[in-house]
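User: I'd like to learn how to read charged contacts in a protein model. Could you walk me through it?

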Amino acid sequence: MYYSFAELKKSVSDKLNKFNHEAFQKRDGSRYEMLQEEREYLRPLPDVPYEIAEWVYGRAVNLDFHVVYKKNRYSCPYQYAKKKVDLKVTDRFVEIYHKRDRLTTHNRFPDYMKNKYSTHPEDMPPAFRNIVQWDDERIRNWASSIGKSTRQVIDRIFGTVSIKEQGYNPCLAVLRLCRTYTDARLESACELAISRGIKVPRYHHLKAILTANQDIIYKDQQEAGSSSDDSSMGYLRGSDYYREGGDPDAE
């Protein structure tokens, strides 16, 4: 019977020492003697325990110097923006490699976390704005040229990030919608998203509005409401209007 953990440890140590010194039953020597003979051939254990790793190859580094893995972003030195890197991913870490050279190591975000940033300050020097095609001023100016609501959306996106570079990609994704849907429609979509109470409209919010033509319906209701004094509900065209052939009453 043992009355303390220390007594138990000493007893186990004594039993183990006795076991290792006992002679083999089918060969000469003991475990302890074999260890002494083989000791000069043994190498020390690695400083870091072995971990099973997943390799992800050819991942692009974004303009904000971050690499995306499972919807989270990990920074690497700014010199590697727009280049391809490889990721070594374990249960605890994300390591970023370029041509077999390890660039940096991050603690891995759990899989249930989304849209998180792990940023090493040394990866993003002040010279950043001199080497990329976009900066926050140009992005804001582009938004202003589209309209007041678009500028408001872009300002809100920048307001959610800890460093402005993290807002570049989501802002550009929003602004590039005008290439498919025109400036006027993007402005209407931004205005509609804000009016619906979406605090920070992003690409997926606006894309859904534009794809469903909700921005067109919204503008039509506004125009109808401004031209009708007694229409408290606004004006909504029926489904026949959007069928092929346009307004059935136009002929």
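This is a predicted model: local features need pLDDT of at least 70, side-chain atom pairs count only at pLDDT 80 or more; totals for chains, interfaces and linings use all residues.

User: Got it. How many salt bridges does the structure hold?

Analyst: There are 9 salt bridges in it. Let's take a few of them in turn.

User: Okay, which residue forms a salt bridge with Glu51?

Analyst: That's Arg92, and the closest N and O atoms of the two are 3.2 Å apart. This pair links distant parts of the chain, 41 residues apart. Glu51 sits in the loop between H2 and strand S1 (54-60), while Arg92 sits in the loop between strand S4 (84-89) and strand S5 (93-98).

User: Where does Lys70 come in, and what does it pair with?

Analyst: Lys70 forms a salt bridge with Asp111, with 3.5 Å between the closest N and O atoms. Lys70 lies in the loop between strand S2 (66-69) and strand S3 (72-75), and Asp111 in the loop between strand S6 (101-107) and strand S7 (117-118), so the pair ties together parts that are 41 residues apart in sequence. Lys70 is partly exposed at 42% relative accessibility, and Asp111 is partly exposed at 38%.

User: What about Glu95 and Arg102?

Analyst: Their side chains meet in a salt bridge at 3.4 Å, N to O. Try the cut-offs again: Glu95 has 12% relative accessibility, so Glu95 counts as buried, whereas Arg102, at 52%, counts as exposed. Bridges can also share partners: Lys70, Arg108 and Asp111 are joined into one network that way.

User: And charges without a salt bridge, how do I read those?

Analyst: Look for patches, which are made of residues with over 30% relative accessible area and no salt bridge. In this model, Asp28, Glu33, Glu37 and Glu38 gather in a patch of negative charge on the surface.

User: Where does Glu38 lie?

Analyst: Glu38 is in helix H2, which covers residues 31-38. With a relative accessible area of 40%, Glu38 is partly exposed.

Key
Residues are numbered from 1 along each chain as its sequence is written. Side-chain values use heavy atoms; hydrogens and water are left out. Patches are made of residues with over 30% relative accessible area and no salt bridge: like charges are joined within 9 Å, nonpolar side chains (Val, Leu, Ile, Met, Phe, Trp, Tyr) within 5 Å. Accessible areas come from the Shrake-Rupley method with a 1.4 Å probe; for residues, only the protein chains shown count as cover. A salt bridge is a side-chain nitrogen of Lys or Arg within 4 Å of a carboxyl oxygen of Asp or Glu. Lys and Arg count as positive and Asp and Glu as negative; His and the chain ends are not counted. The place of a charge is taken as NZ of Lys, CZ of Arg, CG of Asp or CD of Glu. Helices (H or I, at least four residues) and strands (E, at least two) are DSSP runs, numbered from the N terminus. Buried means under 20% relative accessible area, exposed over 50%, partly exposed in between (1.4 Å probe, protein chains only).
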